[in-house]
Amino acid sequence: MGASLYTGRGKGDASMARLAVVCLTVMSAHAVPAVQAQSLLLAADADTSELVALDAVTGRATPIGSLDVSTVAALAWDSDQRILFATSTATNELLRIDPSSGATIKIGSLGTGCCMHGLEYNSLDKTLDGLQAVGPPRLYRIDPRSGLATLVAPIAPPVGRGSL
């Protein structure tokens, strides 16, 4: 699942290339020294399994590094601890990604039996919130230390609509 973003790649490259964006997160640029901006968008490219920085003004994608997993489905930035979290649909795990290289560390199994396609850091209680969108949609609270997801509630589709 994801969207396509068309972006220029490489120095002086004005051509447009398709970037299969499966997830985006906004973070401060000081975590990625190669990028000179106040804030940036990070994306996991589903076609190349790369972590890329996106310039929000020009749309240019700057490769940061190869991801150690092939199917990153969601990213979330913990601005308090400066940690980039991700979920993998291939392994159903919570991961920690080095935003300057793309190197991944397995934190643990989500324990949900299926994929987590949405992820957000909750700075109020220092946890992650996850959305499982395969099957009946569900909202989960995820422990960032263990990766274990706990069901918060099923999500009902909007009234008069079929599915999310």
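Predicted model: local features only at pLDDT ≥ 70, side-chain atom pairs only at ≥ 80, totals over all residues.
Visitor: Does Cys 115 count as buried or exposed?

Guide: A residue is called buried under 20% relative accessible area, exposed over 50%, and partly exposed in between, with a 1.4 Å probe and protein chains only. Cys 115 counts as buried because its relative accessibility is 17%. Across the protein, buried residues make up 42% of the 164 residues.

Visitor: How many helices and strands does the protein have?

Guide: Both are DSSP runs numbered from the N terminus, helices (H or I) needing at least four residues and strands (E) at least two. Here there are zero helices and 13 strands.

Visitor: Which strands form the open sheet of four strands, and in what order?

Guide: In general, strands of a sheet pair through backbone hydrogen bonds, either parallel or antiparallel. Two strands count as paired if DSSP finds at least two bridges between them. The open sheet here has the order E10-E11-E12-E13, with antiparallel pairing. Strand E10 (118–122) and strand E13 (149–154) are its edge strands, each pairing on one side only. Strand E12 (residues 138–142) runs antiparallel to E13 and is joined to it by five bridges; Arg 141, for instance, has Thr 150 in E13 as its bridge partner.

Visitor: What surrounds Glu 93, and which side chain does it meet in a polar contact?

Guide: A contact means heavy atoms within 4.5 Å, whereas a polar contact is a pair of N or O atoms within 3.5 Å; within protein, one must be able to donate a hydrogen and the other to accept it, and residues adjacent in sequence count only if both atoms are side-chain atoms. Glu 93, placed in strand E8 (residues 93–97), counts as buried because its relative accessibility is 14%. Leaving aside residues up to four places away in sequence, Glu 93 touches Ala 86, Thr 87, Ser 88, Lys 106, Gly 108, Ser 109 and Leu 110. A polar contact of 3.1 Å joins its side chain to that of Lys 106.

How values were computed: Residues numbered from 1 in each chain as written. Heavy atoms only, no water.
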